[in-house]
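Have the model open and follow along.

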Amino acid sequence: MNPSDQKLRFDELSAGRAMGDLSLEEARELVLLCIELGITPDPAFELLAAAVEVDFLQDSEEPLPAGLAARLHKCADEMAKPPVIITSPVIITPNVPAWQKIIRSPLTGWATAAAIAIIAFLSSTRAPQVSPAQAEARLRTEARDLIERNFAGLGTFKDAGGKVIWSDQLQRGYMTLSGIPVNDPTKAQYQLWIVDPKRDEAPVDGGVFDIPTDGSPVVVPIAAKLALTNPQAFVITLEQPGGVVKSKQEQVVALAKL
């Protein structure tokens, strides 16, 4: 095998090593080529594998933090330098730990560690979780088209009350409810319906929720299944567990309307 073919074979085996799918014979062949060519496997292959895996595992589309981007660029510059000449054999293991096979494309060595480290870093830079009450307060400061209406209890739920706020622009809203009896989720759940004539003749499903404490105010995020343009009324009903696609309005708990 001439030097040119040896280098091509070396690159092929290096890529296989980065993906973690070398056989024992291929791993031995890579060791011999390292010795014959006097170079180490190019870490760019493993960085590429790590980058692909991180892109797959990352569940958000948030922009890459500036600090992390700078560090990655620095790593790329370092890898662009000529390969290091070695004078001793390189030990390469073809075995991939079982836990690495859980992810879609198994990674080996520092590539896996890099992927985990980058994911952990990105997770730490995300905004901390906020409570529904904090989210409601934030919406009040962000929305320029906020509407707010009071709930009135109906029938046997006459003690029910509270308020609802909604923003068409941000498509977000919250209910602050009180006086609504605790429900057993295995028997029945509360469901919000939003009347928006411009959207549809039928009320839009606003989400199923539970009341964990009797009488204490509870902040509930609105989970509208369709975009709203001009909500005219918000209706809370008591339905079967998991809610329904279309309510018969047999047990109306509270109503808030314009």
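**Exercise 1.** Find where Glu239 sits and list what its side chain meets.

*Solution.* Start with the place: Glu239 belongs to strand β7 (residues 233-239), a strand being a DSSP run of E with at least two residues, numbered from the N terminus. This is a predicted model, where local features need pLDDT of at least 70, side-chain atom pairs count only at pLDDT 80 or more, and totals for chains, interfaces and linings use all residues. Residues are numbered from 1 along each chain as its sequence is written, and side-chain values use heavy atoms, leaving out hydrogens and water.

Next, the charge: Glu239 is buried and has no salt bridge, with Lys248, the nearest side chain of opposite charge, 8.5 Å away. Buried means under 20% relative accessible area (1.4 Å probe, protein chains only); a salt bridge needs a side-chain nitrogen of Lys or Arg within 4 Å of a carboxyl oxygen of Asp or Glu.

Finally, the side chain of Glu239 makes a polar contact of 2.7 Å with that of Thr237 (N or O atoms within 3.5 Å, one able to donate a hydrogen and the other to accept it).

**Exercise 2.** Trace the salt bridges of Arg9.

*Solution.* First, Arg9 pairs with Glu12 at 3.2 Å, N to O; both lie in helix α1 (residues 3-19), 3 residues apart. Then Glu29 meets Arg9 at 2.9 Å, N to O. Glu29 lies in helix α2 (residues 24-37) and Arg9 in helix α1, so this pair ties together parts 20 residues apart in sequence. A helix here is a DSSP run of H or I with at least four residues.

Conventions. Buried means under 20% relative accessible area, exposed over 50%, partly exposed in between (1.4 Å probe, protein chains only). Lys and Arg count as positive and Asp and Glu as negative; His and the chain ends are not counted.
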